[in-house]
Amino acid sequence: MASITLNHLVKKYGDGFPAVNDISIDIADGEFIILVGPSGCGKSTLLRMIVGLEDITDGDLLIDGNRVNDKAPRDRNLAMVFQNYALYPHLTVYENIAFPLRLAKGKHSEEEVDRLVTGAASTLELTDHLQRKPANLSGGQRQRVAMGRAIVRQADAFLFDEPLSNLDAKLRGQMRAEISQMQRRLGVTSVYVTHDQTEAMTLGDRVAVLKKGELQQIASPRELYEQPRNLFVAGFIGSPSMNFLPATVEGNVLRTALGDLAIPAEKAAKAAGKKVVLVGVRPEFFEDAKLVEDSKRGHGSTFHAVLSHTEWLGNEQYGYINFDPAPEVRELLNNLAKEMDADELRPQIVVTLDAASRIRGGREAEIWLDTRKLHLFDPETGDNLTRDEAAGAALTEEANQERAEEIANAQGDGDSTASGFSSRNTDGGSPAGASAGSSSRGGATAAGGKHAGG
Ligand SMILES: Nc1ncnc2c1ncn2[C@@H]1O[C@H](COP(=O)(O)OP(=O)(O)OP(=O)(O)O)[C@@H](O)[C@H]1O
Ligand SMILES: [Mg+2]
């Protein structure tokens, strides 16, 4: 297992276009990092630079502190798990998993191959399928065979490029859970590319949000969600998306198309000197005013609106409010849409209502909004004016500690799979395997401390 450091990495393709533009990330040993962003933002390019399939134009790439820019892919000891599993149809599952070991001719004895393959198969719950051919497996099982290959190589890190994108939604959910548990059990450093924010949020210890080759923010999922650094991150993370509502600021009052909203003085102070701001509110911070407890009501502001329609989802409802923006506000929304890589930003607010709410489309309703939770963005720069740096850092620090605990728990389970792996490390097979096994637990804990405040 290893730490990976990206130091001001730049990738320019032949036409001089910077597909990756000055990206720096410290990936701790045992950490699960997600690279997320819209199509063309440079995720795959960055991953391929790490694994060595793409030259580095500028900057340094370090694995465990050693510069590897000029090392060939096979000398970096990283395992790439591709989107199209690249399995050999004529080989059994066993031989597919054994393939990287066979490739290193004569390096592994037959007993060693067998031990590694059956160990990996047991971790991946493929033991019953070892003699089958890939064509007879489900998508999820094939995915696991591909991971088995990475496992037997005893690579220092796993790199995934959209591994689940051709699975159906249900299987994707299952595989997500499997990959996550596997990563914890092995405690292996992982970098995972996806354009799906749900995948990013559920898998990552930290998520790096990219836009047009540039790093927007890297933080734990909760920090991204609660303390986004800018409009792009705020709009990209979360589903349904954060609502953006243009407003003029007058003292502690925001004048918006929905009406006047009184906001806490400390928030208003952050927007001092700005004429126009974009108010960002997540749907769940709205509620049917009738259903808000008295103790909570004072923390927010209410307004009247006619909802165009509502959608009942069983546990909650979504309500939609259209607003009619002034021409200059429409212009602002259009520019914002371009910035976010969206076709258009509709002048519409989505609110989450309690399942019991009787609010329906077409009738005027009173809606409450928790003004403690709203963010104010500078429409010119996109900066979040109300971001609480310290609160954000605390969320990411918490996530780092949780990771260390989860890895320790997953590896200390004492179940057959965990012991399968520790046995491989104690019988002195390969020095790489032995050191990986003994360092992984301590490494994870140390990493938790190393990233304090990060
Ligand atoms: N071989 C190449 N030559 C020139 N430009 C390239 C090459 N490969 C990628 N690019 C450009 O670099 C940018 C980043 O591409 P990359 O494949 O890394 O994006 P991505 O984030 O993985 O997107 P997607 O989600 O669509 O896979 C794009 O603008 C792309 O056109
Ligand atoms: Mg890609």
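1. **The whole chain.** Please keep in mind that this is a predicted model. The protein has 454 residues, and 43% of them count as buried. Its secondary structure comprises 14 helices and 21 strands. Take the contacts between residues at least 6 apart in sequence: 73% of them join residues at least 24 apart.

2. Start with strand E1 (residues 4–12) and strand E2 (residues 18–27), which pair in the antiparallel sense over seven bridges. One pair to look up is Leu9 and its bridge partner in E2, Ile23. Five residues sit between the two strands of this hairpin, and Gly16 there takes a positive phi near 80 degrees.

3. **The surroundings of ligand 1.** Which residues surround ligand 1? They are Tyr13, Ala19, Gly37, Ser39, Gly40, Cys41, Gly42, Lys43, Ser44, Thr45 and His195. Helix H1 (residues 43–51) supplies the largest share of the shell, three residues.

4. **A six-stranded sheet.** Now look for the open sheet whose strands run in the order E6-E7-E8-E3-E9-E10, with mixed pairing. Its edges are strand E6 (78–81) and strand E10 (214–219), each of which pairs on one side only. From one strand to the next, the twist averages 15 degrees. Leu210 has Leu215 as its bridge partner in E10.

5. Is Lys211 buried or exposed? Lys211 is buried, because 20 other C-beta atoms lie within 10 Å, and 20 or more is the cut-off for that label. This residue lies in strand E9. Setting aside neighbours within four places in sequence, Lys211 is in contact with Gly37, Cys41, Gln216 and Phe232. Gly37 and Cys41 also belong to the shell around ligand 1. Another member of that shell, Ser39, is 172 residues from Lys211 in sequence, yet their C-alpha atoms are 9.1 Å apart in space.

6. Lys212 lies in the loop between E9 and E10. Although it is not a glycine, Lys212 has a positive phi of about 45 degrees. Lys212 has 15 other C-beta atoms within 10 Å, so it is partly exposed.

7. **Helix H4.** H4 has 14 residues and reaches 20 Å from its first C-alpha to its last, close to the 20 Å expected at 1.5 Å a residue. How many of those residues are buried? Eleven of the 14 are, so to speak, under cover: H4 is mostly covered. Among the buried ones are Arg142, Arg144 and Arg149, together with Val145, Met147 and Ile151. The buried residues of H4 pack against E6, helix H2 (93–103), H3, strand E7 (157–161) and H5. After the helix comes Gln154, with a positive phi near 50 degrees.

8. **Helix H5.** This helix (residues 169–186) has 18 residues, which should span 26 Å at 1.5 Å a residue; its end C-alpha atoms are 26 Å apart, so the two agree. Its buried residues are Met175, Ile179, Met182, Gln183, Arg184 and Leu186. A handy rule for reading such a list: an α-helix has 3.6 residues a turn, so residues three or four places apart point the same way. The partners of the buried H5 residues include strand E3 (32–36), strand E8 (189–194) and helix H12 (389–411). Just after H5, Gly187 takes a positive phi of about 60 degrees.

9. **Two loop details.** Glu125 lies in the loop between H3 and H4. Its phi is positive, about 55 degrees, although Glu125 is not a glycine. Glu125 counts as exposed because it has 12 C-beta neighbours inside 10 Å. Elsewhere, the peptide bond from Ser239 to Pro240 is cis, with omega near -5 degrees. You will find Pro240 in the loop between helix H8 (231–236) and strand E11 (243–250).

10. **One more hairpin.** Strand E12 (residues 253–256) and strand E13 (residues 259–262) pair in the antiparallel sense over four bridges. Two residues make the link between E12 and E13 in this hairpin. Within the pair, Val253 stands opposite Ala262.

How values were computed:
Residues numbered from 1 in each chain as written. Chains lettered and ligands numbered in written order. Predicted model: local features only at pLDDT ≥ 70, side-chain atom pairs only at ≥ 80, totals over all residues. Near = placed C-beta within 6 Å. Contact = placed C-beta atoms within 7 Å. Pairing = 2+ DSSP bridges. Axes fitted to C-alpha atoms, helices over the stretch in contact; angles between N-to-C directions. Expected span 1.5 Å × (residues − 1).
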